[in-house]
Amino acid sequence: MRSVPGPGAGAVGTWTVGDVAAHLAHVLRFDTDAVAGRPVPDATVTTAGMAQANAKMLARDDERDPGVLADRLGRLAQEFDDIASRSHAATVTWLQGVRLPPSAVACHLLEECLIHGHDIAVATGRRWPIQRHHALLAIEGGVLPLIAALPPTALVNQEQAASFQASFDLRLRGGGRTLMVFDRGSLTLHAGGARGVDAHLSADPAALMLVFIGRQAIARPLLEGKLTAWGRRPWKLARMLTLISPP
């Protein structure tokens with residue numbers, strides 16, 4: 001943020017670079033509050049619910065100056081580190097009353113930094129290499145525990161997924177395996193792989209994260225071998241990506 005020429009470049013959706021940085025500061029604030037045991041914003045963790053909550057936070061905060069936001073991000077990051085390093089809680093209360101271990105909150109914050117750093121870099125013509133072990137930690141330590149803790153309908157487009165049923169063996173390169181089961185609008189996760197699934201997916205964690213969050217189309221990582229699919233019904237993976245509704 002200290003090196004960007006200004007906050008006005010379009011970044012993601014209707015958000016500018018300044019909006020993205022301000023939003024990341026808000027995430028740092030409520031993740032820190034969660035680990036500290038303080039109240040967090042009233043928000044429903046769905047696409048629509050988080051869009052509404054994020055819009056409210058941005059409307060109440062008109063700071064968009066890159067240097068000012070860089071200073072704020074630095075201070076908030078230091079506060080998060082200080083509080084998290086002293087936390088002995090088994091679980092803390094996160095958004096929507098979800099109970100998560102502090103490590104999952106930290107990994108959620110890591111994911112937000114990786115994704116929104118990517119947004120700012122793309123918008124301003126900079127490089128933002130995401131290291132595999134960082135993406136793996138964000139997914140296995142943050143995304144998967146969050147999916148498991150939320151209601152099974154939270155991250156699925158209910159209207160489009162009403163009749164969709166499928167199971168996928170997700171194999172994260174450098175990490176473990178997770179069975180993803182979609183059943184008419186719900187998504188549940190199970191440890192390890194399973195026989196009889198519709199498809200297996202071997203995924204580079206960084207590529208998978210960018211595809212799932214809607215920052216990259218699936219074609220390029222498939223061509224580059226960063227995502228590899230096989231099984232009885234591998235085409236169901238493409239359908240699944242249209243049904244995932246990340247917050």
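## Basis

The model is predicted: local features need pLDDT of at least 70, side-chain atom pairs count only at pLDDT 80 or more, and totals for chains, interfaces and linings use all residues. Residues are numbered from 1 along each chain as its sequence is written, and side-chain values use heavy atoms, with hydrogens and water left out.

Helices (H or I, at least four residues) and strands (E, at least two) are DSSP runs numbered from the N terminus.

## The sheet

Two strands pair if DSSP finds at least two bridges between them.

Because six of its eight residues are buried, β5 is largely enclosed by the rest of the structure. Buried means under 20% relative accessible area, exposed over 50%, and partly exposed in between (1.4 Å probe, protein chains only).

Strand β5 (residues 165-172) runs parallel to β8, to which five bridges join it. Asp169 has His200 of β8 as its bridge partner, and Leu170 stands opposite Leu201 in β8. With strand β6 (residues 177-183), β5 pairs in the antiparallel sense over seven bridges. Gln165 has Asp183 of β6 as its bridge partner, and Ala166 stands opposite Phe182 in β6. The hairpin of β5 and β6 has four residues between the strands, and Gly174 in this hairpin takes a positive phi near 90°.

Strand β8 (residues 199-203) is mostly covered, with five of its five residues buried. In a regular strand the side chains alternate between the two faces of the sheet. In β8, Ala199, Leu201 and Ala203 point one way, and His200 and Ser202 point the other way. Strand β9 (residues 227-230) pairs with β8 in the antiparallel sense over four bridges; here Ala203 has Leu227 of β9 as its bridge partner.

Pro234 lies in the loop between β9 and α8 (236-243). Its relative accessibility is 28%, so Pro234 counts as partly exposed. Although Pro234 and Ala199 are 35 residues apart in sequence, they are 4.9 Å apart in space, C-alpha to C-alpha. Not counting residues up to four places away in sequence, Pro234 touches Asp198, Ala199 and Ala229.

## The α1/α3 pair

The crossing of α1 and α3 is left-handed: the near helix is turned anticlockwise from the far one by less than a right angle, whereas clockwise would be right-handed.

Residues of α1 in this contact include Ala21, Leu28 and Val35, and those of α3 include Leu73, Phe80 and Ile83. The residues of the contact of α1 with α3 divide into 14 nonpolar, three polar and four charged. Ala, Val, Leu, Ile, Met, Phe, Trp, Tyr, Cys and Pro count as nonpolar, Asp, Glu, Lys and Arg as charged, and the others, Gly among them, as polar.

Note on methods: Contact = heavy atoms within 4.5 Å.
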